[in-house]
Amino acid sequence: MATAQGTSAAGTLITVAPTGAESEKSAVPALPVTLEELVTTAVQCREAGAAVIHVHIRDAAARPTLDLTRLRDTVQALREATDLIVQLSTGGAVTDSFEDRLAVLDAGPDACSLTCGTVNFGADVFMNPWGFMTELYARTQQLSVVPEFELFDFGHIAALHRLLAELGPPAGGHVHCDLVMGVPGGMPGDAATLVQAVAALPEGATWSATGIGRTTLPVLLAALAAGGHLRVGMEDTVTYSRGRPVASNAELVQRAAAAAELAQRPALTPATAREMLGVPDHR
Ligand code: KMH
Ligand code: ZN
């Protein structure tokens, strides 16, 4: 199978996923759940080296929501406060309807996540049947929203090849993937699996990797060693080190940026990341 691009990247794209849909504010007080907390987090993470923010929002009771007015306000506020690439989640929470997940694009983000298949998700199932994937992908093309292909398992990589073959290239013309590793039910988060997954990606694709929970550090180090990019944040881990809760998303970005610096591929600015990913600046 064709080899994905990776080792040639001059810098490291760092995406921060600050909130997610799974952790509860009551259990994780440092989780940004209000718009004000999210904007403050975004500014701090931009300073620490992030170029992309992967956004899930919460309602007034801190529950996950895909409310379109809130999503629009969030996109606008993040654009006003930072030059980060604003990537809205179309995955939402496992309880969200396909209709609501499709409507996320109407909030006018720069980019969105697009998961390439259904996966067991702990005790739940994260549903992404082929019909939903194709509808979502076609809408990203129509609306010029640049998708990031989320790959939780090897079958998702096969589905990505099929999607590109049947529907053509994404908005922006460039394929960027995120290997989401270590989800209970998806591919494991270790170096051997990462290398195999990267080898199966479409030719010319760039890729980031995310390790959930205790796989965060092995996946981060393996991704840098293999020439990839990084996603970190409290969506993916709420523990900084054994027994020590994450204090802020910014400290996860700082750690990723320091590791990237050590690998001599320092953090990319949002402007350089936009060029790499084909994301226009709508600000
Ligand atoms: N919250 C998960 C069920 C995405 O953002 O696109 C799905 C998720 C993936 O987080
Ligand atoms: Zn997400």
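V125 is partly exposed, at 38% relative accessible area (buried means under 20%, exposed over 50%, and partly exposed in between, with a 1.4 Å probe and protein chains only). This is a predicted model, where local features need pLDDT of at least 70, side-chain atom pairs count only at pLDDT 80 or more, and totals for chains, interfaces and linings use all residues. Side-chain values use heavy atoms, leaving out hydrogens and water, and residues are numbered from 1 along each chain as its sequence is written.

V125 sits in strand β8 (residues 124-126); strands are DSSP runs of E, at least two residues, and helices are runs of H or I, at least four, numbered from the N terminus.

## Helix α6

Look at α6 (residues 191-199) next: T193, L194, A197 and V198 are buried there. They cover an arc of only 130° around the axis, so they end up on the same side of α6 (the arc is that of the directions from the helix axis to the C-beta atoms). The face turned away from that buried side carries exposed A192, V195 and Q196.

## T237 in its loop

T237 lies in the loop between β12 (229-232) and β13 (239-241). Leaving aside residues up to four places away in sequence, T237 touches G213, T216, V246 and L252 (contact means heavy atoms within 4.5 Å).

Key. Chains lettered and ligands numbered in written order.
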